[in-house]
Amino acid sequence: MRVGIMIEGQEGLTWDRWRRIAETAERQGFESLWRSDHLFSLFGVTDRPGLDTWPSLTALALLTRRIRFGPLVCPITFRHPSMLAREAATVDVLSGGRLELGVGAGWHDREHQAFGIPYPPVGERIRRLDEAIRVIRALWDDGPAQFEGAFYRLEGGVGWPKPVQRPRIPLIVGGKGPRLLTVVATYADEWNCGGSQTPAGVRSRTEILEAACRKIGRDPTTIRRSWMGAILIGDSGAALERRARKIQEYIPARAATPAAKLPEVLRGEGWLVGSPEEIVAQVGALSAEGIGRVMLQMFDQEDLDALHQIAEQVMPRLT
């Protein structure tokens, strides 16, 4: 089981926090470090700072030497795929070939509205994602690229620099709807089922993905599978309650639930919650459903002790 950390980059991330998280993840042996791609707080905290995605990934390429990293995931509505292809290739070169590109159809309508970004219906967004992946791959290949679709066009475009990784930068597609899983089946190197899916939820979505693979003649075992979800770890009930209070600070809507009861509520929503031993068992249940990598979502960006605890008490039992 590969274990990574996932940070919500729009929920208070600063350069100093990002540097300390990166250094800790690298030193403690985490396999990877990920960040979201959003433009403002999704929890309604309008004065909460954040870091733009691609500058922060560029910094990560220079701050680290070993870990893999990337966005989880880039909504295809935010950037033209030609620009996204070039940004990703540039960071891949800078990192010595450690970037993985996560893409998705986009889902947060209010965010698009706030910044004046068009937000087409879901069917069009998925069709745009399909075309965008083909544009990105064409620009990573050698030679002038030609492509003509309903939304994007290339007429001899050439992408520079070329990625270090060959045949290409690994492409992660995130999502769980049936139409989105068809895109996963067609293009993805890795499928990320985010949103704190329970093992049963992973199983049901996997069945849809495997059916989509059979329909196009792809072996579903050629698609790696990962899970992104939140974690609340603590050696005792008091430790869990203390960290639950920090969750309430980051997610104000959670304040309506007493902190002592919040861990059990979160567990019921698909979070990984409990002692290190309990976390190991919960990750094991995901592994049994074919998950080979977990990206553990951390909301309290100052709680480096939690990273140490995961690295020292959870990861050795998963390898």
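Trainee: What does arginine 68 form a salt bridge with?

Mentor: Glutamate 100. The closest N and O atoms are 2.5 Å apart. A salt bridge here is a side-chain nitrogen of Lys or Arg within 4 Å of a carboxyl oxygen of Asp or Glu. Keep in mind that this is a predicted model: local features need pLDDT of at least 70, side-chain atom pairs count only at pLDDT 80 or more, and totals for chains, interfaces and linings use all residues. Residues are numbered from 1 along each chain as its sequence is written, and side-chain values use heavy atoms, with hydrogens and water left out.

Trainee: Where do arginine 68 and glutamate 100 sit?

Mentor: Arginine 68 is in strand E3 (residues 68-71). Glutamate 100 is in the loop between helix H3 (81-95) and strand E5 (101-104). They are 32 residues apart, so the pair links distant parts of the chain. Helices (H or I, at least four residues) and strands (E, at least two) are DSSP runs, numbered from the N terminus.

Trainee: Is glutamate 100 buried or exposed?

Mentor: Buried, at 3% relative accessibility. Buried means under 20% relative accessible area, exposed over 50%, partly exposed in between (1.4 Å probe, protein chains only).

Trainee: Which residues are linked in a network with Arg68 and Glu100?

Mentor: Arg2, Glu31, Glu190, Arg224 and Arg293 join Arg68 and Glu100 in a network of salt bridges.

Trainee: How many salt bridges in the count?

Mentor: The count comes to 29. One of them pairs arginine 225 with glutamate 210, at 3.4 Å, N to O. Arginine 225 lies in strand E10 (residues 224-233) and glutamate 210 in helix H7 (residues 199-216), so parts 15 residues apart in sequence are tied together. Arginine 225 is buried at 11%. Glutamate 210 is partly exposed at 25%.

Trainee: New topic. What's the volume of the largest pocket?

Mentor: About 1,000 Å³. A pocket is an open set of points on a 1 Å grid over the protein atoms alone, where a 1.4 Å probe fits, with protein on both sides within 12 Å along at least five of seven lines. The volume is the space filled by probe spheres set on the points, which are joined across faces, edges and corners.

Notes: On a 1 Å grid over the protein atoms alone, a cavity is a set of points where a 1.4 Å probe fits but cannot get out, and a pocket is an open set with protein on both sides within 12 Å along at least five of seven lines; lining residues have an atom within 4 Å of a point.
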